[in-house]
Structures are given as C-alpha cells and as structure tokens.
Amino acid sequence: MGRSYIVEEAVEKYLGGLQTPPGSCVTGLLIGQSSPQREFIVLAVQTPYRDSKGHPKVSTGSPLDEIDVEWVTEHAKQLSHMLPGGLSILGLFLVTPPELSKDAQNTLKRLIFAVDKYITKGRLWELSEEDVTDRVTLHICSKSKKAVCKTFDVKDPKSSAKPADWKYQAGVSTSWPMLTCSVELDLMIPLTESSSDNTDKCMQDGLRKWAKQIEAGHCLINGRQALDDSELISGQKKNPKIIQHLTLPVRILVSDEQSEVDERSSAQVQVCSGSARVRGVVHCRAYIHNNKPKARHAAQVIKRDIINTISCRVAMFLEDLLISEGSHKGPCSGPKALPRRVFVQVPCSGLSVCDYMFPDESTADVAERLKEMLDWETPEGNIDISLESNYLFCPDVPESRSDDYSSRFTSEAQVETPKTQKAFQYYAGLAVAAAIAFLATATSLLYFNE
C-alpha cells in the first residue's frame, strides 16, 4: 500500500458541495502537512474561474482539454504565499462527470508536475533527505462521488501513479501546537547594476545567503535547543486540553561568522551602484502535527516560514514597483514599506492563514482576496492586523542619481506595542513590518564576508 492521507472532515463536506456543470470539471488544491509516517490534509480550495478580463470568479467548470494550466499554477503560487510554516500544497483534486473520468489521471499528472515546478521556482531553502516528494491527486466522479487517490513523485518526471489511502477524520488539526517568533532584520544587499532585472538577481542572491544563515542558526523552542529527535511536546502529549491551545515561543540565534572548519573566510571588495536594505521586525508562525513531532522538525518549519515570508514580501514589493513604473507615474520618492502580514483563522480549524497588506490597502481588500483565493467569506473583524504595524521614518533622500532604480527609497522601521489583540489570537508580541530601503551611492565599495 502507498502513503496514507488523514483528511479533515470539513474537506469531505467542501468537496461534496462543489457544483460541476454538465460536461465540465472543477480543479482545486489540497493543503496540509507531510510527515515521514503519514500526510495530513486540512483544507481544499477550488481554482477560481478566470473571466475574460482576467479577474477570478466562482468556478463554473471547464472541459479537461480547456483547463488553463497557467491559471491553476498561478493560483497555487499565490495560495502558497498565504500559508504559514508547516502548511504547504500537497496535491490537486479534479471533479469530473463520468464521461471525462478516463483521461482524468493524465490531466492530474500534468497539472501536479506543473504546479510543483512553478511554486518551488526561486525557493530559498533546500529540501532535506526526510522531505516527502510524493504529491497526491484526487479524482472525484461528480455523479457517483467515487474518489480515486493516487500519488506521484514530483522529483521523478517518469514517475507513475501509485495508489494511496484516503481517510476522513474529525478534528485533524485542532490540537496542533503553534510556534511563534518575532525576527529582527537588518540586511544590506549590494546592487551591482541599476536595471530592474539585475536588481532582482542581486536581491535573490543576497536573500539566498541570508536564508542559509537562518537555516544554520540555532533554534530555541520554549527555551530548549531544538537539535535532536526528542519529542517536541514530551510530558504534555497525554493531556489534549493543554495541547489544543499550546503555543511555543521560538528564538533563532544566527551568527555572522562562518565555520572555520576546512575553510577560511576572506574579505572581498565589490563595486556596486547602490544597496538594498531590508530592515524591521516580522512576525512568524508555524504549525506542527501532533503525531509525536520531533524538535528538529519543529525548528525546520519555523525557519522555513521566516525565509518564506521575507522572500514573498520582497518579491511583492519589486513586482509592485515594476507595475508602478509601467503605469508611467514617474519616479517614486519617499519611504516605502514592505506589505505587513495579517492573519485569519481557518473555519472549523485550529489553524490560521495569512495575507499581505500594503499601506494603501484595508481589511476589506484582504477579505476580498481571501474570498478569491480561498473561497470563503471572512468578516473584516476576524482579520488580525495587530501583529505588525508600519511606522516609517524617512531621512533626506539624496538628490544625486534620483532617476536610478536603486536610489529611490530610504526608510527605517520602528517598533510599537500593539494596543489591541483579537480574541482568537494565540500570541501577544511586538512586531512591525519590514521596510525596504534603496540607498544611493555614486560608486560604492561594499565589504562583506563570503
């Protein structure tokens, strides 16, 4: 027998309620957490329908040969940005009428490989030997409701479908512990050229070096170093009432110095046209299953959330910057902040998802995106915006080279204690959104260690 999937009962209800017009099909994503022993599916989300203007609406279904692969993968990419640490896209589902069932598996295989390739492109952390590379596909007949579960190894292009066990269960994630931490950032990244393409590459290279530091950092969970295979919640696992609302504070200790074993670090001089600065404090959150989780696995999911949230925000900022340039609004000036992270609880679950809100956006914009991307209604009052705040101080902007892509923004972030907390919030802490600063220089010399 293949892998075993433990699925939240709410997913069964959601899939059963999907409407498939005659002769059409519906695609969607399966979200959960992998472990070496079994997989957990906690959420299913159908692919939004893309109308003629490119705006998502409720899906009305489409024939197999007309499925928009690009749109399915883009939805997966956007949704992956909304998942905290420990949650990821584990697979796809496809609902078809009986006459389209014959080719369903081939369609699912094509989609699952396309989705995995797209959402992992540009990822800053590396898979470990224990990471599961099997992805699940679920085909459902709209008439009989019969479901066929198969898996594919996405690291093997020649992988064939393997059968898997699919079982529904109530309260799959209600007792998952939550890990939280606030991470202070002050990154200076050299920019060798002023063009946008080179700026993106420089940012990715700089973030990749920082991500390796985070991965190599020491992780303290509840004051204990998380290194070994010791159980994360040892001593509390027999009391589900305690575990159900268990929040574990995390600290990441990162050294700027590299290991002196078998190598020597040497200072290098790099000529650059400017530098990009990412500065501030961000709130990070991750979940770990309660099936005897190991301390080092918990450290891994929170570290990956730290890396993902910074990478995502920088990418969103650069994309927004390019859109602003393309609208012929002219050079931007003044302080610019990365979007702040906000959270909302998943219905019928102990988990939460996140979104990113730019300074000119409101909770109404967030609620609209949640409806489009996750297919559920969220009252604005349920969106927790208190964990990060934008308070920027803007020094004088240098006048020289004001038209240069790398010299338009400079800002600093300050910390303020949130005044209010939402009722469903588990963690009370200090956090502000990271700010990105592009600092102008004529021709700078930047020293750093490699």
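Biologist: Let us start with Val 148. Which residues does it touch, apart from those up to four places away in sequence?
Modeller: Val 148 touches Gln 105, Thr 137, Leu 138 and His 139, with residues up to four places away in sequence not counted. Please keep in mind that this is a predicted model.

Biologist: Where is Val 148 placed, and how accessible is it?
Modeller: Val 148 lies in strand β8. Its relative accessibility is 28%, so it counts as partly exposed. The C-alpha atoms of Val 148 and Phe 93 are separated by 9.8 Å, although the two residues are 55 residues apart along the chain.

Biologist: And Thr 137: buried or exposed?
Modeller: Thr 137 has 0% relative accessibility and therefore counts as buried. Thr 137 belongs to strand β7. Leaving aside neighbours within four places in sequence, its contacts include Leu 92, Leu 108, Ile 112 and Phe 152, as well as Val 148.

Biologist: How do β7 and β8 pair?
Modeller: Strand β7 (residues 134–141) and strand β8 (residues 147–153) are antiparallel, with seven bridges between them. As one example, Ile 140 has Ala 147 in β8 as its bridge partner.

Biologist: What is the strand order in the whole sheet?
Modeller: Eight strands form an open sheet, ordered β9-β8-β7-β6-β2-β3-β1-β10, and the pairing is mixed. The edges are β9 (162–163) and β10 (165–169); each has a single partner strand, so one side of each has no neighbour in the sheet. Helix α1 (residues 9–16) packs on this sheet, where it touches β1 (4–8), β3, β6, β7 and β10. The direction of α1 makes about 30° with that of β3.

Biologist: What about β1, then? Which bridge partners does Val 7 have in β10 and in β3?
Modeller: In β10 the partner of Val 7 is Tyr 168, and in β3 it is Ile 41. Both pairings are parallel: β1 and β10 share five bridges, while β1 and β3 share three bridges. Four of the five residues of β1 are buried, so this strand is largely enclosed by the rest of the structure.

Biologist: Changing topic, how many residues are in the largest nonpolar core?
Modeller: That core has 46 residues, and those with the most contacts inside it are Ile 31, Leu 43, Leu 92, Trp 176, Val 353 and Leu 374. Elements that each supply at least two of its residues include β2 (26–34), β3 (39–46), α2 (69–81) and α7 (363–374). The largest share, seven residues, comes from α3.

Biologist: What does Trp 176 touch?
Modeller: Not counting residues up to four places away in sequence, Trp 176 touches several residues, among them Phe 40, Val 42, Tyr 287, Ile 288 and Leu 351. Ile 288 is included in a second, separate core of 43 residues.

Biologist: Back to α7. Which of its residues are buried?
Modeller: In α7 the buried residues are Thr 363, Val 366, Ala 367, Leu 370, Met 373 and Leu 374. They cover an arc of only 140° around the axis, which puts them on the same side of α7. An α-helix has 3.6 residues a turn, so residues three or four places apart point the same way.

Biologist: What covers that side, and what follows the helix?
Modeller: The cover over the buried residues of α7 includes β3, α2, β16 and β17. Just after α7, Asp 375 takes a positive phi of about 65°.

Key. Residues numbered from 1 in each chain as written. Predicted model: local features only at pLDDT ≥ 70, side-chain atom pairs only at ≥ 80, totals over all residues. Heavy atoms only, no water. Core = buried A, V, L, I, M, F, W, Y, C linked by side-chain atoms within 4.5 Å. Buried < 20%, exposed > 50% of the residue type's maximum accessible area, 1.4 Å probe, protein only. Contact = heavy atoms within 4.5 Å. Pairing = 2+ DSSP bridges. Axes fitted to C-alpha atoms, helices over the stretch in contact; angles between N-to-C directions. Arc of directions from axis to C-beta.
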